[in-house]
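Trainee: I am new to this structure. Can you show me how to read its features, one at a time?

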Amino acid sequence: MLERRRFLQHSVLGSLGIFLGKQGFSLSNGTKAGAQSKPVVISTWAPNQKANAVAWKILAANGKALDALEKGIHVTEADPTDQSVGYGGLPDRDGRVTVDSCVMDERGNCGAVMCLEHILHPVSVARLVMEKTPHVQLVGEGALKFALSEGFEKVNLLTPEAEKAWKNWLKTSKYDPMITVEHLEERNKNQPKQVPGQQHNHDTIGMLALDMHGNLSGACSTSGMAFKMAGRVGDSPIIGAGLYVDNEVGAATATGVGEEIVRVCGSHTIVEMMRNGLSPEAACKKAVERIVKRNGIEKARNLQAGFIAINKQGEVGAYSVIKGFNYAVHTNNGPATVDAKFLI
Ligand code: SD4
């Protein structure tokens with residue numbers, strides 16, 4: 001996974017150079033997607049460029065933002081090598097893979113599922129909660145019951161690799177949700193190798209799109225923190241925390257330690273900051289500052305939370321607590337991967 005991320009980072013950053021050279025757009029600071037700013041799709045983490053590519057096809061064919069995001073997220077949910085989302089996700093401490101997802105559209109409609117088991121595409125169940133029920137959130141057994149009634153198949157989301165990582169984790173049972181893989185790598189340079197699973201805790205997909213019609217939507221999907229307590233839910237399916245969309249202003253989504261993101265109501269905070277005139281990057285930075293302020297710098301050094309945002313004009317931006325967060329963006333000028341700025 002690390003290799004895959006590195007490869008993507010290098011290859012896409014390479015093409016970013018060409019992209020910047022040819023178009024003269026800024027993608028690193030208060031990113032402008034350029035004059036032809038519609039459509040735009042942006043995802044947390046470089047490997048999700050492959051999800052963007054699928055979403056892009058739908059957007060470029062004049063499709064709706066939410067349709068594009070749903071299909072894009074399916075790619076990551078079905079990818080067994082992504083250990084933070086759907087199939088292949090690392091389980092909770094009882095060995096059960098439980099997934100969380102939400103969607104929000106241009107009219108402020110939203111739907112979410114939490115602690116859902118056995119379903120390959122939770123994002124589609126979240127969408128149906130929005131479209132077919134009078135509710136916004138369904139949890140656990142109830143969410144599964146609803147998914148099955150809608151024709152979703154029951155599948156085993158625990159891959160042999162994830163099961164192995166869990167069994168390794170059981171040897172120490174040490175819960176360390178805080179670190180991104182790049183950071184761990186740095187920290188562990190002179191230390192014994194960590195067990196698989198502890199090396200990779202963040203790859204949740206949060207995805208935002210502005211379609212040709214000028215409408216914004218967002219979606220998010222995760223298997224949550226590896227080896228979490230049974231029943232634990234993070235920010236990802238919580239509207240306002242892991243995702244928020246206001247079609248008049250912009251949209252934001254998150255990745256990282258969900259507890260911290262929930263505490264500052266991260267995505268809603270960012271959209272409100274953009275409403276008050278901040279750029280997407282500056283708005284993301286404000287949410288990060290709140291997390292760091294609450295925790296203090298020393299504690300915050302050991303936790304990661306990253307945000308991405310887009311405004312109504314198609315400008316995108318991001319910010320994270322510590323080094324190592326990146327995002328994938330796709331515009332009329334092609335795909336690019338960008339390293340987010342970080343606070344400490
Ligand atoms: C959570 N925010 O459940 C998610 C975890 C995450 O990449 O982002 N992983 O807290």
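**The ligand and its shell**

Mentor: Start with the ligand. This is a predicted model. The ligand is surrounded by 13 residues, and the closest are Asp-203, Thr-204, Arg-232, Asp-235 and Gly-256.

Trainee: How do the residues of the shell divide into nonpolar, polar and charged?

Mentor: The shell holds 1 nonpolar, 9 polar and 3 charged residues.

Trainee: Which atom of Asp-203 lies 2.7 Å from an oxygen atom of the ligand?

Mentor: For Asp-203, a backbone N or O atom lies at that distance. Thr-204 uses a polar side-chain atom, 2.7 Å from a nitrogen atom of the ligand. Thr-255 also places a polar side-chain atom by the ligand, 2.9 Å from an oxygen atom. Alone, the ligand exposes 290 Å², and the protein buries 100% of that.

**The sheet**

Trainee: Now the strands. What pairs the strands of a sheet?

Mentor: Backbone hydrogen bonds pair them, in parallel or antiparallel fashion. Here, 4 strands form an open sheet in the order β7-β8-β9-β10, with antiparallel pairing. β7 (243–246) and β10 (316–320) are the edge strands, each pairing on one side only. On average, neighbouring strands are turned by 10° against each other, direction ignored.

Trainee: How many bridges join β7 to β8?

Mentor: There are 4 bridges between β7 and β8 (residues 250–256). Look at Tyr-244: Ala-252 in β8 stands opposite.

Trainee: Which helix packs on the sheet?

Mentor: Helix α9 (residues 266–275) does, touching β7, β8 and β9 (305–311). The direction of α9 makes about 145° with that of β8.

**A helix pair**

Trainee: At what angle do α3 and α4 pack?

Mentor: Helix α3 (residues 65–77) and helix α4 (residues 122–132) pack at about 150°, and their axes are 8 Å apart. Residues in the contact include Leu-66, Ile-73 and His-74 of α3, and Val-123, Arg-127 and Met-130 of α4. The contact divides into 5 nonpolar, 2 polar and 4 charged residues.

**Backbone exceptions**

Trainee: Where is a cis peptide bond?

Mentor: Find the bond joining Lys-38 and Pro-39, where omega is about -10°. Pro-39 sits in the loop between α1 (2–23) and β1 (40–44).

How values were computed: Residues numbered from 1 in each chain as written. Predicted model: local features only at pLDDT ≥ 70, side-chain atom pairs only at ≥ 80, totals over all residues. Heavy atoms only, no water. Pairing = 2+ DSSP bridges. Helix = DSSP H or I, 4+ residues; strand = E, 2+ residues; numbered from the N terminus. Axes fitted to C-alpha atoms, helices over the stretch in contact; angles between N-to-C directions. Contact = heavy atoms within 4.5 Å. Near = heavy atom within 4 Å. Polar contact = N/O pair within 3.5 Å; in protein donor to acceptor, adjacent residues only side chain to side chain. Areas by Shrake-Rupley, 256 points an atom, 1.4 Å probe, with all protein chains shown as cover. Nonpolar A, V, L, I, M, F, W, Y, C, P; charged D, E, K, R; others polar.
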